[in-house]
Amino acid sequence: MVQATDGVLHHLSTLADETRARLLLLLERSEMTVSELCQVVQIPQSTVSRHLGVLSQEGWVTARSEGTSRHYRLAPSLDPTAKRLWEAVKDEVSDGAMAREDRIRAESVLEVRAQRSETFFSSQAGRWDHLRRELFGARAELQLLAGLLDPEEVVADLGCGTGQLTRLLAPYASRVVAVDRSPEMLDLARQRLREYSNVELHQGELETLPLEAQSVDVAIFALVLHYVVNPGRAFAEAHRILRPGGRLLIVDMQQHDRAAFREDMGHVWLGFSPDELGGWLEAADFRSPVRDALPADPEAEGPLLFSLRAFR
Ligand SMILES: C[S@@+](CC[C@H](N)C(=O)[O-])C[C@H]1O[C@@H](n2cnc3c(N)ncnc32)[C@H](O)[C@@H]1O
């Protein structure tokens, strides 16, 4: 029969080695590679690797590979016996001269990592915007901003098209109601959004929304207003469906002169000037509008955009 003491004795035998205790102390403070650990403890790599092998086999450390390096750290969840033993051993060894020296050397080894990024940014500041886009695309921060939504809020994505924005908002809102007049666009939206049970798709017109009065907290017109024959009417509808204090958000084109867009894509408006938009918003009783001319996106071929936020 296996004795309850077996686990304790086994853990004790693993910990009863000065090098292993030093490695664990270091790996509890920070993830490190084998070569970084060797620099700190000043022991040959073959010995450090052998000890790491034991610690890893016994569940004391976990490792992940990155390129050609293995990164080690103390296992995030030790079993309760191991945890208690480790706390006791740590109390004894962490104030010793050897552990203090290890800590100081570890700090300078880790400092090298920080210096690498510092050197990179001090020499590449001017290229960063370009590199950011090249590496992570233009939408990296959008998902982050969706997290600013109050999770209790209901959002209306008006003129949702194929549901790109609806998809971005769905994980963060309590419900997203998406409206579009085109069955073909809604079919694609339905496919994109099938895994979100908090999304409702409605076919309908923005000038006569198929939504209840005061039923949403945020109403969004994303790249759709230039298709709406009567924007004043669409704003009145947005006002009707918003709860008091709700937000209206718009992104659309600044005024431009690409008349071919009417023929080619059915645009009704060649963008919007601040004055004409301000007039419609005022007439629909929206308050405190903030309009922001968006910076040019080097990869976008269309006219410049603006964003606007106003309150009901
Ligand atoms: C350019 S797409 C934009 C879609 C989406 N908002 C986006 O950002 O990807 C414009 C959408 O608005 C819809 N639309 C245009 N006028 C509309 C109206 N009066 N009522 C309802 N939907 C409309 C079109 O069917 C189309 O799907």
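The legends below describe close-up views of a predicted model.

**View 1. The chain is divided into two domains.** Domain 1 covers residues 5–134 and domain 2 covers residues 138–311. Between the C-alpha centres of domain 1 and domain 2 the distance is 50 Å.

**View 2. Seven strands form an open sheet with mixed pairing.** The strand order is E6-E5-E4-E7-E8-E10-E9. E6 and E9 are the edge strands, each pairing on one side only. On average, neighbouring strands of this sheet are turned by 15° against each other, direction ignored.

**View 3. Strands E4, E5 and E6 are joined by parallel pairing.** Strand E4 (residues 154–158) runs parallel to E5, with 5 bridges between the two. Val 155 has Val 176 in E5 as its bridge partner. Strand E5 (residues 175–180) is in turn joined to strand E6 (residues 199–203) by 5 bridges, also in parallel. Here Val 177 stands opposite Glu 200 in E6.

**View 4. Helix H10 belongs to a right-handed β-α-β unit.** The unit is made of E5, helix H10 (residues 183–192) and E6. H10 packs on the sheet and touches E5 and E6. The direction of H10 makes about 170° with that of E6.

View 5. Asp 292 has Ser 307 in E10 as its bridge partner.

**View 6. The largest nonpolar core has 42 residues.** Val 155, Ala 156, Leu 158, Val 216 and Ala 219 touch the most other members. Strand E7 (residues 216–222) gives the most to this core, with 5 residues. A second, separate core has 19 residues, among them Leu 15, Leu 37, Leu 55 and Tyr 72.

**View 7. The surroundings of Ala 219.** Which residues are in contact with Ala 219, leaving aside its neighbours within four places in sequence? They are Ala 156, Leu 158, Ala 238, Ile 241, Leu 242, Gly 246 and Leu 248. Of these contacts, Ala 156 and Leu 158 are also among the residues that touch the most other members of the largest nonpolar core.

How values were computed: Residues are numbered from 1 along each chain as its sequence is written. This is a predicted model: local features need pLDDT of at least 70, side-chain atom pairs count only at pLDDT 80 or more; totals for chains, interfaces and linings use all residues. A nonpolar core is a set of buried Ala, Val, Leu, Ile, Met, Phe, Trp, Tyr and Cys residues joined through C-beta atoms within 7 Å. A residue is buried if 20 or more other C-beta atoms lie within 10 Å of its own, exposed if 12 or fewer, and partly exposed in between; C-beta atoms are placed from the backbone. Helices (H or I, at least four residues) and strands (E, at least two) are DSSP runs, numbered from the N terminus. Two residues are in contact if their C-beta atoms, placed from the backbone, lie within 7 Å. Two strands pair if DSSP finds at least two bridges between them. A crossover is right-handed if, with the strands pointing away from the viewer, the path from the first strand over the helix to the second runs clockwise. Domain bounds come from an automatic or database domain assignment. Axes are lines fitted to C-alpha atoms, for helices over the stretch in contact, and angles run from 0 to 180 degrees between N-to-C directions.
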